[in-house]
Structure formats: structure tokens, C-alpha cells
Amino acid sequence: MQHLDLQVVRQALQWSNAGQRVWLCSVLFTYGSAPRAPGSLLAVNASGQWVGSLSGGCVEDDFLERVAEGEFSEPVVVVRYGDGTDTRTNIRLPCGGILDVLVENLAPDCDVQAHLRELESALLGQRRLLREVNLQDGSRRLSDDHEHGPRVERDEARVRLRVGAAQRLLLAGYSSVAHFCAEFGKGLGFEVILCDPREEALDGVVLDGIEIRRELPSIFIANGGCHADTAVVALTHDPKIDDLAMLEAVRTEAFYIGVMGSRTTSDKRRERLHRIGGLNDADLARVHAPIGLNLGSKTPAEIALAVLADILRTRSGIAREAL
């Protein structure tokens, strides 16, 4: 799945390679109602061509007009839409929303092109990067990102943006809980993949916009199905599916690994994974079991909500104790 940010970076690189100046825009913060999340990208060239999205229409039109009029000549600037403080635009967002946008004016040179190629590799899942932009002079720096936290962080001097592959939710096996997890995950912007080799389990299952693979999830994982921005969840109560998925998942960089079951079931699974699978304490510590936040969930939908909430907590770098 080629998500929108990857398309933006690839097109920006193509324009830069062709000798065209590029304005790369990143959503920094949103207040109130805003259609696009922090970190979302838009790229524009001097001819007025653009790819990506900041708001779904009105902001893009205004920005293109201002580029055509010669604005944004500085290396970097932060623009605010929605609250009327910028007298150069009367754009109002739905429900009083406010949008802060980082605008980088990128010359068509080798340094910019090397920077964009690094971003492309991160968006393809080859690595996770922390991108730092100096708000005074527009200089850029990349470093490996080994933590989880907000996608965008900002102080008076610089902006830090986390860059990685499209967030992936890998569902190891189908169940009623997995069904709701798939729907919730899709709504939250995850690339959702469901793996289950059982024809009888998938008979009649309809999940629009979800990739369904009729194979063991452990095989999909072993063949490179996980990257550092993947959450792996096993929700079937079938050890042949759940346990094998856990054995393979802990060998990957997946940021979240969880399996459904009571405390008693989870303790028995840990013993099996240690005794038969050879997992050590560090491996087992990566497995969330029982899975999800303790929300008092009873129904499949409630359990799925608890699972996705725990995944989002982990992705945001928030400790359980901080909730």
C-alpha cells in the first residue's frame, strides 16, 4: 500500500531531480476540528502542480495562490490557518479549527535530493527517522528514531517530525474481535492486513478496504510482513495461530505485539512459548498478554476498542501508569 506521504515525497524528489523548486508543507499542529493529522504532507512546485493534502481543499487553494504570488521565498516559515491572525488570508476551517503548517522552500540541489531519498526509504519501512528542521535558517538533520511518541514536536528553535512507514495493523487470525479491530484500525488510518489460512473462518467475511491473506500469519511475518511501525495482534484463541504468530513477531521490530486471553490463559501461553518456543524473558516482555487496556470490556466491539486504545497508547509513547 503506497500511502499519501510516500507519494508526496516521491513526487517532490522527481520535481527536484528535474531542476524544479519545491515547497514542502507539513501539518504541525491542529486545534479543534481539522481533516488531516500532524505530520501530513503537501508538496507544490513553481508551476502550481501539487500532491498531498493539508485540509481537504480550502487551505490548499489559498496556499497555491500565495505561492503563485511569490510568497514563501524564505527557507522556512510556519503559517497558521483558521483563527484570523494572518491578515493575508481569510480561510476559516470547519467548527473553528486551527491549522499550523511548516513550509520549507527547497532548492533543486543535491542535498535536498539526498534528504528526500532518505525520507522515501523511511516511508517504505526501511528505517524510522527523526527529522529536525531549524526554524531560523531552514537547515535539516536526520537521525535514527528508536522511540515512540508524538509525530510532531516543536519548540521555539526547531521542529522534530517522526517519519516512518504507514502504520500497519496485522491481525493474526479472524474472530469477531478481529473484525471490529479491522474496522476500527481502518478508521484510525492504519493499513490493515488480516492473515488466516482457515477457509471456514473466512467464509462469508466481508471487510471493505482490508487486505485478507489466506495464509498463516506466522508465515507472513517470517517473510517480512512486519516493520517497526507494525502492530501485531492475535485474537483467535487458537494456539496454532496465536502462538506461532507470537514466536515470529518477537523476532521483528514491531512496536506492539499482543495476544488475547485471560490471565490464566496468558500465563499458560508464556510457559509454552518459553518451554517449546525458546523465548527468553526479554522476548516475553514484549508480548502484551492479556491484550488491551482494562476498560471493563465484555463484547467483541468493546474488546477491540481496548486493544486499539492500547496500541495508540504505545505508539504515542505513553506509559500505562500515566493514563
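Is Asp 310 buried or exposed? Asp 310 is buried, with a relative accessible area of 0%; the cut-offs are under 20% for buried, over 50% for exposed and in between for partly exposed, with a 1.4 Å probe and protein chains only. The model is predicted: local features need pLDDT of at least 70, side-chain atom pairs count only at pLDDT 80 or more, and totals for chains, interfaces and linings use all residues. Residues are numbered from 1 along each chain as its sequence is written, and side-chain values use heavy atoms, leaving out hydrogens and water.

**View A. Salt bridge between Asp 310 and Arg 320.** The closest N and O atoms of the pair are 3.0 Å apart. Asp 310 sits in helix H10 and Arg 320 in the segment after H10, ten residues apart, so the pair is described as linking distant parts of the chain; helices (H or I, at least four residues) and strands (E, at least two) are DSSP runs numbered from the N terminus. Arg 320 is partly exposed at 36% relative accessibility. Salt bridges that share partners also join Arg 128, Asp 145, Glu 153, Arg 162 and Asp 229 into one network. A salt bridge is a side-chain nitrogen of Lys or Arg within 4 Å of a carboxyl oxygen of Asp or Glu, and by this rule the count is 33.

View B. Arg 270 pairs with Asp 267, with 3.4 Å between the closest N and O atoms. Arg 270 is partly exposed at 26%, as is Glu 271 at 38%, whereas Arg 275 is exposed at 52%.

**View C. The largest cavity.** Its space is about 40 Å³, and the whole structure has two cavities of 30 Å³ or more. On a 1 Å grid over the protein atoms alone, a cavity is a set of points where a 1.4 Å probe fits but cannot get out; a pocket is an open set with protein on both sides within 12 Å along at least five of seven lines; lining residues have an atom within 4 Å of a point. Helix H8 (residues 263-275) gives the largest share of the lining, four residues. Arg 270 is one of the lining residues, as are Val 259 and Leu 284. By class, the lining has five nonpolar, one polar and two charged residues.

**View D. The largest pocket.** The volume is about 970 Å³. Among its 37 lining residues, Ala 37, Pro 38, Arg 151, Gln 167 and Arg 315 are the closest to the centre. Elements that each supply at least two lining residues include helix H1 (4-17), strand E1 (22-31) and helix H10 (300-315). The lining holds 17 nonpolar, ten polar and ten charged residues.

**View E. The second largest pocket.** This pocket holds about 380 Å³ of space. It is lined by 18 residues, with Pro 290, Ile 291, Gly 292, Leu 293 and Asn 294 nearest its centre. H10 provides the largest share of the lining, three residues.

Conventions:
Grid points are joined across faces, edges and corners, and a volume is the space filled by probe spheres set on the points. Ala, Val, Leu, Ile, Met, Phe, Trp, Tyr, Cys and Pro count as nonpolar, Asp, Glu, Lys and Arg as charged, and the others, Gly among them, as polar.
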